[in-house]
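Please look over the sequence and the structure shown here before reading on. The briefing that follows takes up a few topics, one after another.

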Amino acid sequence: MYRPTVQSIITAIETVIVGKEEVIAKSLTALLAGGHVLLEDVPGVGKTMLVRTFSRAIDLDFKRIQFTPDMLPSDLTGISMYNQKTREFEYRPGPLMGNIILADEINRTSPKTQSALLEAMAERSVTVDGELKVLPSPFFVMATQNPIEHEGTYPLPEAQLDRFLLKIEMGYPTFNEEIALLSRFEKEEPLEALQSVITKQEVELMQREVRDVHVSSAVKQYIVRLVHESRKDPHTYLGGSPRATLALMKAAQSWAYIHNRDFVLPDDVKAMATSVLGHRVLLTAEARYKGKSPNQLIQDWLDTLPVPMDREVNEV
Amino acid sequence: MKTWVTRIVYTALAAYLLSFWIEPIVGSTTFDVTWPFYFLLIVPMFASILPWAAFLGISLLNFLIVLYAYHGSILDWFGLWMEDLMGVMSGELPNEAIFFSAMALIGLLFAVLVGRTYPSYSFALGMIVSTLGIMAYFDTWTLYDGEGNILYAIVTSLLLLFVTDLAKRPSQSLVRFVSIGLLLSVVVALASASPTLEGDWSDRITTSFRNATTEGDGSGPGRVGYGVNDESLGGPFEQDDGIVFIARGVPARYWRIESKAIYTGKGWVESPVLDSNYNRGQLVDSEVDTTPEQALLRFERRQPFVPYGGEYPQAIETESGTEFRVGDIERAFPNETITMQPSGKIVFENEEQSTPRTIQLRYSVPAFSEEQLALNEEITSLTEEEQQVYLQLPESLPERVRDLAADITAESETPNEKAEAVEAYFRNGEFQYDTENVAQPEGDTDYVDQFLFDTQIGYCDNFSTSAAVLLRANGIPTRWVKGFTMGDTRGVIQGEEEHTIRNRHAHSWVEYFIEGAGWVPLEATISFSDANLLQMERETDTEDTTPAANDPQANQDNDTQNRPQEDLLIDDVTTGDVQEEARNMPVWGWVVILFLVAVLVWNRKIIERQIMYVWWMSRPLTDGRLVSMHRYLMKRLRANGFKIEGRTPSELAKEVDAYYETNDMTRLTALFEQAVYAEQEPNSKYKEYWKIMIHRIMS
């Protein structure tokens, strides 16, 4: 059901990563929509591996940043150093100057450095010593974070979480998947053997095509209703912003695109809803106390909200 | 429709349904008026639209006003009520006062129900079921005849359901109006197709606006029925199904009203006062065996006569319990006097000379023995004067009539043999029964002569008058009798036979005199049998007891196209009750119609669907239509238990296809998505899949 190029990427990645087809597809969705991904899960479930495989399969320039508490913004953007030979300041690019950036354990660094990264993600450029440096294209950040309850973390502020198009949870592999994992890594390193299946130019082309995916007024209504629902629900303390609405549409377009369709279905919106809204909705203390989770609430809305079937706009 | 208009119409329909209760319920009590109950039941219902205080106030005021208007004094009534109450407490049946207040309470109860539950399907359905139930019950078990009213009640029920629907879901969809129209027309069409009904419509009109007493009065076709004036017989008449009375507790029987003795050449006139035993209180000789019989007659409306089934009645008991006995012929009662006129006609001497609606009759039914019929003795029981009257023939009677009379009876000796010869003569094949193409004598033409020699087409009056004249010409005292035939058999109700006697059952026959036997009835009209008219102990002579069945000509007559219904009666009675039932089975007919209507009402979605279906299928597929069709499909799916909310079309399609083991829903959904979400031109293949899916879902 995937677009053939997309299918080939997924197949390639799956030679290394066991299971996780949905995670791969969603990551691709974010890449093609021009957004960024926040991977959240406990250490060791393969977040880093996924990103590395991703960059390998797509033949993009891969950079990895391991965030630590003492990291400074300039460690990301790069610095201008004085070259004594040429007697000039010379720009030394930082790790942000790549196509796919793995921002590992983003919640371990200070808010200052975090915001530098997030600014770069939004603006697709950095300013070093007053000079504007445009980041390469495509620019795709996959940040990982350990669940915020863990020791020694700086939780990302809501405003910054909003900049990630999708938040994806990896989850543990199933029993059989884990067995397969063991066999695969028993003798060799499959990542080394992975050949890229798609070029950077092709990715840029696909990104442009995603924007042409048609969104009907019925689907737009569905998106807006869903986001409105997140604002109205008494369990939420903060609902989705208009940026969330936009993000949901882009993600749905991209999801429709990778599923080889040139128009968005309500199904696409549904598929993306949890990943787009999950990190943008804050629950009230009461709802948290009751044991509700954002994903659960979103699922509830999806289960009750009627799917619009005509073009006329009806405010509910 | 405006809300308050809907409400008023709803209340009015419910009130109209409730008003159907009054006639049967009050009819089975001693009340002779129904109007107070209409006020008691209907006024509170309308008042229920108002607030509580106004409702209670108006209902109470209404009760007091009706009570005052009906009874005259309110205080007096409370005294009666207390008396009644004491009676009821000591185990007696409730009397009028209690019944009155009970009806008022019923009215109040229904008013509260209609007012507080508005609008409610349960109330409407309860109302409909109980009304139709009550009508069906009283129609079946009592003298109440609900035939026409049941149709009105059903139509009202449908309208009530429709108005409830309107009030509940105030959308103005055309489909609803079309479907109610369709339903109503189906009901009316079914009702019109039912054989009894057409008669009933006309009967309601004719009995209300027209007095059915003319029988060929010369000004166009007359209408069949019992009439007083027989001076000018002849001419065609129309059938009339109007009910005259219902007889209960007796077998099928001719109903005698009176006899006439003077033939004028054009018709019959009243006999002068005659005084022998045979004209007052006695029809047959005291030697003749008789069987006592008792009949309950219930008249549709009051009539100026009392029909009786055999001998002159020995006693008549009226509703108020007063009893009339033959013997003290004119006996005064508090309100009424009963007279037997010389013609044998019994009349209640009240203002309109009309018989009470319900009477109980006691009379005896004679059964002549063969020996008695064979008697040929000189007449001594009748006075000279009487004999002259009963042998009277007009001077103008053509000689060929007398000659024919002599020819017919040439080989007969006794009066009975002669009567049989005359009866047989009419069955010789030359005479034809008809009610339409019947001539009326003009100028000097004699009525009997014209029939016997010219036209030979006619109905009972022609046959009976001619028979009377032929017998008189043979020297047998004869008189012309009027009454009704046995009517339609309603069936056996609580162990007692019931017969409906209608206007079209009006009939005339002949009585001839045999010394030692008395007045013997003779059925001269062809294809009518005297088996029921004349009870004789004639085991050997079977041929005569069923002449109609054995006579080929009579049977042939029965098969002709313009056979009047009157003609059928004897066949129905003698050949079995099945045919009778087919023509006169209102209760079962209505049950079937009711059932069909119920099926239609419960399946009105299907009707709605069919209408939409035809509409959608015949029109080009547009965006809007596609969305409507899909919505309808969703509605049907929801009705079939599928969850629609929160499902995308394709999710639903998977589930539906899994359930029905097809992939049509997926195909249909793909086309739907193309149209709605890709916003492309709708593909007309959608209609095909839609049709398939609707059929699958509805089957």
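**A hairpin in chain A, and how to read the model**

In the hairpin that β3(A) and β4(A) form, four residues lie between the strands, and Arg87(A) takes a positive phi near 55 degrees. Helices (H or I, at least four residues) and strands (E, at least two) are DSSP runs numbered from the N terminus, and two strands pair if DSSP finds at least two bridges between them. This is a predicted model, in which local features need pLDDT of at least 70 and side-chain atom pairs count only at pLDDT 80 or more, while totals for chains, interfaces and linings use all residues. Residues are numbered from 1 along each chain as its sequence is written, and chains are lettered from A and ligands numbered from 1 in the order in which they are written.

**More on the hairpin**

- Strand β3 (residues 78–83) of chain A pairs with strand β4 (residues 88–93) of chain A in the antiparallel sense over six bridges, and Ile79(A) stands opposite Arg92(A) in β4(A).
- β3(A) is hardly covered, since the count of buried residues among its six residues is zero; a residue is buried if 20 or more other C-beta atoms, placed from the backbone, lie within 10 Å of its own, exposed if 12 or fewer, and partly exposed in between.

- Five strands of chain A form an open sheet with parallel pairing, in the order β2-β5-β8-β1-β9; its edge strands, β2 (62–66) and β9 (166–169) of chain A, each pair on one side only.
- Strand β1 (residues 37–40) of chain A pairs with β9(A) in the parallel sense over four bridges, and the bridge partner of Glu40(A) in β9(A) is Glu169(A).
- Helix α2 (residues 21–32) of chain A lies across β1, β8 (140–145) and β9 of chain A, and runs at about 165 degrees to β9(A); axes are lines fitted to C-alpha atoms, for helices over the stretch in contact, and angles run from 0 to 180 degrees between N-to-C directions.
- The axes of α2(A) and helix α11 (residues 242–258) of chain A come within 8 Å and cross at roughly 115 degrees.
- The residues of the contact of α2(A) with α11(A) divide into seven nonpolar, two polar and no charged, where Ala, Val, Leu, Ile, Met, Phe, Trp, Tyr, Cys and Pro count as nonpolar, Asp, Glu, Lys and Arg as charged, and the others, Gly among them, as polar.

- Chain B has 27 helices and 21 strands, and 41% of its 699 residues count as buried.
- The 16 residues of helix α5 (residues 74–89) of chain B should span 22 Å at 1.5 Å a residue, and its end C-alpha atoms are 22 Å apart, which agrees; the expected span is 1.5 Å times one less than the number of residues.
- Just after α5(B), Gly91(B) takes a positive phi of about 95 degrees.
- α26(B) and helix α27 (residues 685–698) of chain B pack at an angle of about 145 degrees, with their axes 9 Å apart, and their contact has nine nonpolar, no polar and three charged residues.
- The contact between the chains takes 15 residues from chain B and 18 residues from chain A, two residues being in contact if their C-beta atoms, placed from the backbone, lie within 7 Å.
- On the side of chain B that touches chain A, the elements that give two or more residues are α24 (623–639), α25 (649–660) and α26 (664–676) of chain B.
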